[in-house]
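Visitor: Please show me around, and tell me what your words mean as we go.

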Amino acid sequence: MEEIRLQVYLARCGIASRRASENLILNGRVAVDGKIVTELGTKVSGKEKICFDGKQIFPEAEKRYVLLNKPEGYVCSLADEKDRPIAASLLKDTYTERLYNIGRLDMLSGGAILFTNDGDFSARVEHPSSEIEKEYEVITVFEYPDEVLQKFLRGVRIEGVFYKALSAERLAKNKMRIVLIEGKNREIRRVLKFFNIKIKKLTRVRIGCVYLSDLPVGKHRPLTPEEIKGLLG
């Protein structure tokens, strides 16, 4: 095995995505041959004894790719200091591998989120150059004006951050469909709050070629080979 960055090795072991693994290293939770490592540039060959939280880890033998219909109230993280329910816990009855989420959905939102133990797959799907569309359906508390969608399509700057939808359309007097590509943190919520529009329900219904369809809330399914190939472009 050629030398690779330590965060890449952690991702291949199903510990976390590469980005999240960087934080685990910085927080001193990873040791190589008995020594805590906090340098992100550290490279390993896999011949070393690599431990996470004191337990030796190994690359996953079988790769998993899973779609979850995340319920509202669940957080997308490895652990939560407030003891809120974690989305990944909904997969444990089916998968023995340690799976982590690709991207995030905020706690109040529900819908499609992907899980994997394949660090290379996660990195490619998360990278901005993949330009994978994320589609959302939003139900608002009250009817909203058409100009909100028009402004979101043109782009709006809020507190120095520019937000722009790829597409936006009205589905009903208090319902809209929004498609994003970049998907900045809490983008839809920030934009609608800027226009004083209260959200009743926000659901992600599609990630690229992967549709939520009739998957029940709290349930999951493996991605098909076609969906995996579609996400990788």
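Guide: Let's start with residue classes: Ala, Val, Leu, Ile, Met, Phe, Trp, Tyr, Cys and Pro count as nonpolar, Asp, Glu, Lys and Arg as charged, and the others, Gly among them, as polar. By that sorting, the lining of the largest pocket has 21 nonpolar, 11 polar and 16 charged residues. Keep in mind that this is a predicted model, where local features need pLDDT of at least 70, side-chain atom pairs count only at pLDDT 80 or more, and totals for chains, interfaces and linings use all residues. Residues are numbered from 1 along each chain as its sequence is written, and side-chain values use heavy atoms, leaving out hydrogens and water.

Visitor: Which residues are closest to the centre of the largest pocket?

Guide: The pocket itself holds about 1,400 Å³ of space. Of its 48 lining residues, R19, G103, R104, L105 and E126 are closest to the centre. A pocket is an open set of points on a 1 Å grid over the protein atoms alone, where a 1.4 Å probe fits, with protein on both sides within 12 Å along at least five of seven lines; a lining residue has an atom within 4 Å of a point. The volume is the space filled by probe spheres set on the points, which are joined across faces, edges and corners.

Visitor: Which element gives the largest share of the lining of the largest pocket?

Guide: That's α2, with four residues. Among the elements that each supply at least two are α2 (18-26), β8 (100-102) and β10 (134-140).

Visitor: What about the second largest pocket, how much space lies in it?

Guide: About 280 Å³. It has 15 lining residues, and A88, S89, K92, R98 and L99 are the closest to its centre. Eight of the lining residues are nonpolar, four polar and three charged.

Visitor: What makes A112 count as buried or exposed?

Guide: Its relative accessibility is 0%. Buried means under 20% relative accessible area, exposed over 50%, and partly exposed in between, with a 1.4 Å probe and protein chains only. So A112 counts as buried. A112 is found in strand β9 (residues 110-116), and it touches L67, L68, L105, R204, I207 and L212, not counting residues up to four places away in sequence. Touching here is contact, with heavy atoms within 4.5 Å.

Visitor: Why does V210 count as buried?

Guide: V210 has 1% relative accessibility, so it falls on the buried side of the cut-off. V210 lies in strand β16.

Visitor: Which residues of helix α6 are buried?

Guide: In α6 (residues 225-232) they are E227, I228 and L231. They cover an arc of only 100° around the axis, so they sit on the same side of α6. The arc is that of the directions from the helix axis to the C-beta atoms. An α-helix has 3.6 residues a turn, so residues three or four places apart point the same way. On the other side of α6, P225, E226 and K229 are exposed. E227 counts as buried because its relative accessibility is 10%, and its contacts include C209, V210, R221 and P222. After α6 comes G233, whose phi is positive, near 75°.

Visitor: And which residues of helix α4 are buried?

Guide: For α4 (residues 146-154), V148, L149 and F152. Seen down the axis, these fall within an arc of 95°, so they line one face of α4. They pack against β12 (161-163), β13 (167-172), β14 (175-180) and α5 (187-194). G155 follows α4, with a positive phi near 110°.
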